[in-house]
Amino acid sequence: GILLFRDFFVGGSWAFGRSLAISKQCLLPFSTNITVHVEKTTTVYSRNQLTTMGGNKQEDDTSSMDVDTPTPAAPVHKKKKGIVTPSASSETASKYPDMSLAQSIHALVMMASTPGGAEPKLDAEGAKAAGIADDLNSTVMAKVGGSEVENPSLYRQLKSTLQWEGQPNCLSEEELNAMEESHTKKLSELEEKVEDASENAGDMEVLEARFDVARFAAKSLSKEAALEAYDKVLNLPKLSSGKTIDALMESARVASFHGDTKKGSELIDRAAKMAADGGDWDRRNRLKVYSALSKLLARDVKEASTLLVDCIATFSCTELCSYTDFIVYTMISGVLYLPRTELKKMIIDGPEILSVAKDIPAVNALVNALYDCDYKGYLHAMVDVQPVLVADRFLQPHSGYIMRELHVLGYKQFLDSYKSVTLESMASSFGVSTAFLDMQLSRFIAAGRLTAKIDKFGGVVETNRPDLKNAQYRDMIQKGDLLLNRIQKLGRVVDL
């Protein structure tokens with residue numbers, strides 16, 4: 001064939017059109033069709049069609065070089081692609097269980113007094129700093145018991161935990177029993193639709209009916225009933241990989257809503273394996289957020305940070321968390337593990353981060369103070385961030401760990417700039433007393449988190465930058481000694 005490029009004939013040049021017709025008839029006088037390649041596309045033209053590609057069709061038709069040609073071949077039709085199962089995007093994905101409700105319930109639990117009489121983990125001042133509304137308790141009570149959720153199982157649990165008994169508008173046990181009876185009837189109706197679809201309709205109708213049952217259970221029934229309903233969806237025959245991933249992600253949300261971290265992690269791992277084999281882009285992108293928050297709960301903050309940063313510009317997983325909460329997770333995990341250059345590029349100057357920075361002033365001040373080496377402002381920002389960590393259901397289990405790592409990060413960055421510095425000067429930079437700083441540094445140095453030593457008599461902190469090769473050598477010697485000891489113990493056992 002003749003290889004053509006777009007730049008040659010996209011202008012309708014008469015000279016090229018005529019030369020193309022002449023070349024066609026001279027080189028391929030006995031050929032019926034010619035295949036023209038334009039970049040990545042391939043088109044089959046008949047000889048008459050190729051002749052008329054010139055600028056003056058009439059002159060080409062009367063050319064003395066025309067020859068008789070057979071009837072043009074029938075046009076080649078491309079095969080239509082098979083139907084692709086659409087992804088359950090953030091607009092079409094089930095909004096139940098409502099994860100914003102789970103955040104509100106967590107905040108109320110943190111503000112509630114424990115049965116032993118201990119102080120709540122989040123006092124009134126901390127709740128205000130975290131942006132928690134004063135009427136959150138009544139809002140949650142109305143939402144769980146109202147028509148929006150109507151979950152008697154969850155209502156009973158919160159009634160005991162948050163001590164709703166005796167409060168205005170609290171539902172009685174008779175009202176909760178009536179609600180359960182109504183749900184039983186509704187569930188029976190949905191199951192009848194499943195049976196009707198299996199007898200009189202196709203697989204897609206059965207799948208939709210099963211999803212309706214599962215989503216109703218996720219909204220208004222217990223965790224066990226919801227997970228069982230999703231298991232029935234997953235056990236359907238001929239279930240596509242896309243719908244399987246959707247069902248697994250919705251099941252993981254049910255487990256996460258009820259605080260079952262282990263079950264949620266297992267479901268997310270199953271979905272991730274399926275997505276690696278053939279999931280579409282939208283599902284893989286949303287699944288990254290699921291995996292990141294699962295790793296955040298497992299305290300794998302470094303891996304979570306990598307996944308969260310990848311999703312900054314493409315976040316669409318609004319059924320799991322709000323965009324503002326997502327940015328908080330990204331900034332907190334990023335400040336702990338991102339290098340300064342990437343922290344500046346991805347977090348501090350990132351347009352997506354800047355768009356919501358005004359809504360999270362404490363977290364934004366923390367990151368900027370660390371980058372600007374404003375250590376006094378950094379510690380003040382840590383005090384403001386602590387209530388934000390406690391009020392969030394994904395960050396609260398590790399709030400102590402995060403605060404400790406933030407302290408280490410600030411002290412390490414400061415000491416990296418000096419070979420030795422006085423305790424008094426360092427305490428002044430951080431805005432704390434020398435006694436407090438001495439206690440903190442000694443604890444982190446003893447734990448091996450800071451490579452420094454304190455001259456208590458001289459009041460000086462001296463940094464020790466370990467040589468990487470010597471550190472690797474010492475590590476090899478230690479592991480070698482451990483291996484030899486194990487071999488000796490094994491040898492004595494074998495001799496016996």
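## Largest pocket

Helix 5 (99-111) supplies 5 residues to the lining of the largest pocket, the largest share. Helices are DSSP runs (H or I, at least four residues) numbered from the N terminus. A pocket is an open set of points on a 1 Å grid over the protein atoms alone, where a 1.4 Å probe fits, with protein on both sides within 12 Å along at least five of seven lines; lining residues have an atom within 4 Å of a point.

The model is predicted: local features need pLDDT of at least 70, side-chain atom pairs count only at pLDDT 80 or more, and totals for chains, interfaces and linings use all residues. Residues are numbered from 1 along each chain as its sequence is written, and side-chain values use heavy atoms, with hydrogens and water left out.

Of the 33 lining residues, Gln 103, Ala 130, Asp 325, Ala 391 and Asp 392 lie nearest the centre of the largest pocket.

## Second largest pocket

Helix 5 also gives the most to the lining of the second largest pocket, with 5 residues. This pocket is lined by 20 residues, and nearest its centre lie Ile 105, Phe 257, His 258, Gly 259 and Arg 393.

Conventions: Contact = heavy atoms within 4.5 Å. Helix = DSSP H or I, 4+ residues; strand = E, 2+ residues; numbered from the N terminus.
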